[in-house]
Amino acid sequence: MAQNLQKERNDGERKKAQLKAAILIKFCLSVEKSLTFSDTMVALRIMRAQFPQIDKVSIQPFILQSQLYSSVKDRTRVDRDLESLKREKVLRIFKLNTGQDDHAIMFSEDYSSQIERVKKRSQEKKLGNLEVFEWFKTHVIDFKLEPSIEHHELWTLLSLGGKVKDEHISLLINAGLLTRQLIDPNMYWFTIPNIGSILKGISQGRKEVLSLLNRRRYKEMMLASLEKKHLRLSSLDMRFHLRDLIGSGHLKIVQTPTGLVVQVSKD
């Protein structure tokens with residue numbers, strides 16, 4: 001009898017596992033077209049896959065923190081998950097100069113690839129002091145998880161790889177891996193190489209989307225129609241900007257009998 005009970009229990013667990021797998025498969029098939037997700041990591045992975053292909057710009061995919069806020073409704077959970085994933089070195093968070101609270105999220109493996117790209121480009125230019133890229137990856141990035149670093153700490157960590165010179169740090173700055181903070185030149189922000197033109201597109205795209213909606217009588221538009229619009233001032237697609245503007249509170253989505261409507265949020 002005990003064996004029969006155990007068999008029934010095992011069968012029940014197996015059926016539950018099969019049901020969960022079926023639900024997950026169905027979810028993954030449908031979620032690609034969705035603007036919202038229930039899990040931070042799922043949202044990150046899918047938005048990474050949906051990152052727009054940009055001509056003539058060599059950059060790995062990144063996600064804006066505001067986009068996560070629009071895609072996962074529980075902001076407290078998002079912040080908690082991001083902190084955990086950062087500590088586990090799954091991803092890095094970068095401060096952007098497009099707004100006071102703008103942050104970009106990039107998977108650590110993608111950032112490592114980005115560093116290798118700028119190292120290769122420096123090799124092609126026959127620049128010296130290239131050993132600093134490996135020191136930066138091994139001793140700085142792997143240890144310093146925050147978005148900024150102080151000059152002395154940077155120098156100390158790089159010294160674990162070899163004898164540091166001013167030229168080493170200059171090379172990292174010129175490669176787009178570091179930038180000095182305006183308020184305190186003794187501090188550096190970690191940065192994503194080649195992101196400059198995209199940051200300009202983020203700022204201009206935000207203005208263009210808001211201007212488009214503000215010109216309409218009720219400052220709203222059907223989501224399905226808005227997503228088809230092509231932006232003139234940004235190489236990023238409409239979905240990228242909508243997630244950003246919804247997460248930052250500039251826009252909101254309202255369910256109506258005719259479908260989802262995007263509205264400008266009232267001040």
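Modeller: A quick definition to start: a helix here is a DSSP run of H or I at least four residues long, and helices are numbered from the N terminus. Keep in mind that this is a predicted model. Let's zoom in on helix α4, which covers residues 75-87.

Why look for charged pairs at all? Side chains of opposite charge can pair when their charged atoms come close. The cut-off for a salt bridge is within 4 Å, nitrogen to carboxyl oxygen, and the model has 13 salt bridges by that rule.

Begin with Arg-77 and Asp-81, whose closest N and O atoms sit 3.5 Å apart in a salt bridge. Both belong to α4, four residues apart, so about one turn of the helix lies between them. Arg-77 is partly exposed, at 29% relative accessibility.

Now move along to Lys-86. One of its partners is Glu-83, with 3.3 Å between the closest N and O atoms. Lys-86 is buried, at 7% relative accessible area, whereas Glu-83 is partly exposed at 34%.

Lys-86 also meets Glu-146 in a salt bridge, 3.3 Å from N to O. Glu-146 lies in the loop between α6 (131-141) and β4 (148-150), so this pair ties together parts that are 60 residues apart in sequence. Glu-146 is partly exposed, at 27%.

Conventions
Residues are numbered from 1 along each chain as its sequence is written. This is a predicted model: local features need pLDDT of at least 70, side-chain atom pairs count only at pLDDT 80 or more; totals for chains, interfaces and linings use all residues. Side-chain values use heavy atoms; hydrogens and water are left out. A salt bridge is a side-chain nitrogen of Lys or Arg within 4 Å of a carboxyl oxygen of Asp or Glu. Helices (H or I, at least four residues) and strands (E, at least two) are DSSP runs, numbered from the N terminus. Buried means under 20% relative accessible area, exposed over 50%, partly exposed in between (1.4 Å probe, protein chains only).
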